[in-house]
Amino acid sequence: MISLPGPLVTNLLRFLFLGLSALAPPSRAELQLHLPANQLQAVEGGEVVLPAWYTLHAEVSSAQPGEVPFVMWFFKDKEKEDQVLSYINGVTTSKPGVSLVYSMPSRNLSLRLEGLQEKDSGPYSCSVNVQDKNGQASGHSIKTLELNVLVPPAPPSCRLQGVPRVGANVTLSCQSPRSKPAVQYQWDRQLPSFQTFFAPVLDVIRGSLSLTNLSSSMAGVYVCKAHNEVGTAQCNVTLEVSTGPGAAVVAGAVVGTLVGLGLLAGLVLLYHRRGKALEEPANDIKEDAIAPRTLPWPKSSDTISKNGTLSSVTSARALRPPHGPPRPGALTPTPSLSSQALPSPRLPTTDGANPQPISLIPGGVSSSGLSRMGAVPVMVPAQSQAGSLV
């Protein structure tokens, strides 16, 4: 397509149109431009035709031979007015996606817009100036119509807020990021059985659905539909109601178990270290420690021999014959294991009145032999009838 002229050329063309209108003599010719009075609506991404046509003398509907129209279309946004199409001296210039519906010259000046976007909404002005076959201006007119480009809802996003377990409360939210006009929302449950929700649990403006005191029968597939005048979009979320403890309870139990195990391990380690600390001082050898004193044996002890051999007093008691018969009811001392192991030798008898002292040495060793071996004589104490040592 041919590019549009710059702003300077656009202003010159508008000045030319106004000049031709001013120069047109007041004649029988009367030009009337016709545009819809109502606002036109179109859908984003589609196309629209802005209808426009003019008449002369009000009874003629088609161009007459030699009739030459000059046509310009303008679009005014929030900041400035911009030319979108012009037809001058048989040459058409326009922006991409903009064209005339009918070939020129024609009294039908309808404009086609393709690939619409929301920013294309606004006022469009059509200006026409007609000359006759002699080059004389026959009339001029300019009118404006309004275009509103609507936007269908963009695919919304569905979310679940809360923990879906029995007895809990959750909120299903639905939000479409873009639409014109603003969308309204509707929530339905599709499975396992169809159900439609209304206020007050449903907010049609914010798209939220509140479900309280959940039960297993409330589980299913929930579908949100976002709709406006020109379109509908939807999303869905699956609600699964759990009967077990919540995630927070499970997490708390896990954390509590880990903390308990940590404390138990700490106590075991502390006990182990304390046991080691108690054992170490007992095994230490201090240089300044005083050795334990050895208790001296009494010199007149009868139980320790010179070479360190202990003589059993009980053995000596067993070798001595009792002085008299035991009393009735008196306890007879029981000989020890050492006295039982050593057999008591029989005492030899003599014919004299005074018997000679005989060494009671087991094994048949004489007292002189023991003296040569370094033995020390042991005095055996006498025993009373009551069994006590004298």
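Okay, let's start with C158 and C235: these two form a disulfide, and their sulfur atoms sit 1.9 Å apart. Keep in mind that what you're looking at is a predicted model. Now, where in the chain do the two ends of this link come from? C158 is in strand β12, residues 157–161, while C235 is in strand β19, residues 232–239. That's 77 residues apart, so the bond links distant parts of the chain, going by the strands as DSSP runs.

What about its handedness? The link of C158 and C235 has 80° about the S-S bond, and it's right-handed. And is C235 buried or exposed? Its relative accessibility is 11%, and buried means under 20%, so C235 counts as buried.

Right, on to the other pair. C174 is joined to C224 by a disulfide, with 2.1 Å from S to S.

If you number the bonded cysteines in sequence order, the pairing reads 1-4, 2-3.

One more cysteine before I stop, and that's C126. Buried or exposed? With 0% relative accessibility, C126 counts as buried, because the cut-off for buried is under 20%.

Key:
Residues are numbered from 1 along each chain as its sequence is written. This is a predicted model: local features need pLDDT of at least 70, side-chain atom pairs count only at pLDDT 80 or more; totals for chains, interfaces and linings use all residues. Side-chain values use heavy atoms; hydrogens and water are left out. A disulfide is a pair of cysteine sulfur atoms within 2.5 Å. Helices (H or I, at least four residues) and strands (E, at least two) are DSSP runs, numbered from the N terminus. Buried means under 20% relative accessible area, exposed over 50%, partly exposed in between (1.4 Å probe, protein chains only).
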